[in-house]
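Biologist: I should like to learn how to read the local and overall features of a structural model. Could we take them one at a time?

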Amino acid sequence: MATWSNLNYQNSASPLMEQIIFFHDHTLIILIMITILVAYLMMNLFFNNYINRFLLESQMIELIWTILPAITLIFIALPSLRLLYLLDELNNPLITLKSIGHQWYWSYEYSDFNNIEFDSYMIQSNENLNNFRLLDVDNRIILPMNNQIRILVTATDVIHSWTIPSLGVKIDANPGRLNQTSFFINRPGIYYGQCSEICGANHSFMPIVIESIPMKNFINWINNYS
């Protein structure tokens, strides 16, 4: 989860989020190089005393400053396209989770296991329970680690957005439409998210919590729930 004064991405808990962070760093380095180059050229222009009275045009300079930005954009676009296709890839999911957005809570259905269904409401922060303000819920999503998970997302009233930053997942929940994506959790833990689409008065109060556990514990949870 995000912590105080953390200006970077959250630590990734999925291969897709790792790729997103790599692409972010790659793009940031290119932007820093461009900024340094432009700042250097501008400082030279401000502080030099040389004037060329006969320089009216230079086709070579225009060719260079047209081709170089195009090459730079190619270096950004190719990894971006690769990442977009990776995010859309769906590889034999083991479990399908359905998430339904309401004003202002989430409902979940495990349709693979005798239709396990529950609502997930935000709970009040409590120092004794050691939970987080505006982030914890009464019923967490329980999922097995090291398995491909598919999530189907929809809504019953207005547009919501199911977002877990540490997993690299952000998908809109539209009424009358079923969107799907997938993710792979590669370590155990508790991962927090929120609705990231302004959906009404209590938009800030519909958090998402995923608890990632080993497969053996997940099977025990399914058996106990049933």
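Biologist: Is Asn92 buried or exposed?

Modeller: The model is a predicted one. Exposure is read from relative accessible area, with over 50% counting as exposed. Asn92 has a relative accessible area of 74%, so it is exposed. Its place is the loop between H2 and S1. The backbone there deserves attention as well: Asn92 has a positive phi of about 40° although it is not a glycine.

Biologist: Which other residue has a positive phi although it is not a glycine?

Modeller: Leu134 does, with phi at about 65°. This residue belongs to the loop between strand S3 (116-120) and strand S4 (141-144). Values from 20% to 50% lie between the two cut-offs; Leu134, with a relative accessible area of 24%, is therefore partly exposed.

Biologist: Where is there a cis peptide bond?

Modeller: Omega is the angle to inspect. The bond from Gln103 to Trp104 is cis, with omega near -5°. Trp104 sits in the loop between strand S1 (95-102) and strand S2 (105-110).

Biologist: Let us turn to the helices. What span should the 33 residues of helix H1 have, and what does the model give?

Modeller: The expected span is 1.5 Å times one less than the number of residues. For helix H1 (residues 15-47) this comes to 48 Å, and the end C-alpha atoms are 48 Å apart, so the two agree.

Biologist: Which residues of H1 are buried, and against what do they pack?

Modeller: Buried refers to a relative accessible area under 20%. In H1, Leu16, Met17, Ile20, Ile21, Thr27 and Ile30 are buried. The buried residues of this helix pack against helix H2 (59-88) and strand S8 (179-184).

Biologist: What residues does the UniProt annotation "transmembrane region" cover?

Modeller: Such an annotation comes from a record and can be set beside the computed geometry. The unreviewed UniProt entry places it on residues 20-42 and 63-87. Residues 20-42 are 100% helix and 0% strand, with end C-alpha atoms 33 Å apart. Residues 63-87 are likewise 100% helix and 0% strand, and their end C-alpha atoms lie 36 Å apart.

Biologist: What is the volume of the largest pocket, and which residues are the closest to its centre?

Modeller: The largest pocket has a volume of about 510 Å³. It is lined by 14 residues, of which Ile34, Leu37, Leu68, Pro69 and Thr72 are the closest to its centre. H1 and H2 are the elements that give two or more residues to this lining, and H2 gives the most, with eight. By class, the lining comprises 13 nonpolar residues, one polar and no charged.

Biologist: What is the class make-up of the lining of the second largest pocket?

Modeller: That pocket holds about 430 Å³ of space. Of its 19 lining residues, the closest to the centre are Leu87, Gly168, Val169, Lys170 and Thr181. By class there are eleven nonpolar, five polar and three charged residues. At least two lining residues come from each of H1, H2, strand S6 (160-164), strand S7 (169-173) and S8.

Biologist: Which residues does Thr72 touch?

Modeller: Leaving out residues up to four places away in sequence, Thr72 touches Ile30 and Ile34. Thr72 lies in helix H2 and, at 22% relative accessibility, counts as partly exposed. Its C-alpha atom is separated by 10.0 Å from that of Thr27, 45 residues apart along the chain.

Definitions and conventions:
Residues numbered from 1 in each chain as written. Predicted model: local features only at pLDDT ≥ 70, side-chain atom pairs only at ≥ 80, totals over all residues. Heavy atoms only, no water. Helix = DSSP H or I, 4+ residues; strand = E, 2+ residues; numbered from the N terminus. Buried < 20%, exposed > 50% of the residue type's maximum accessible area, 1.4 Å probe, protein only. Contact = heavy atoms within 4.5 Å. UniProt positions renumbered as here; feature names shortened; annotations may be inferred. 1 Å grid on protein atoms, 1.4 Å probe; cavity = no way out; pocket = protein on both sides within 12 Å on 5 of 7 lines; lining within 4 Å. Points joined across faces, edges and corners; volume = space filled by probe spheres on them. Nonpolar A, V, L, I, M, F, W, Y, C, P; charged D, E, K, R; others polar.
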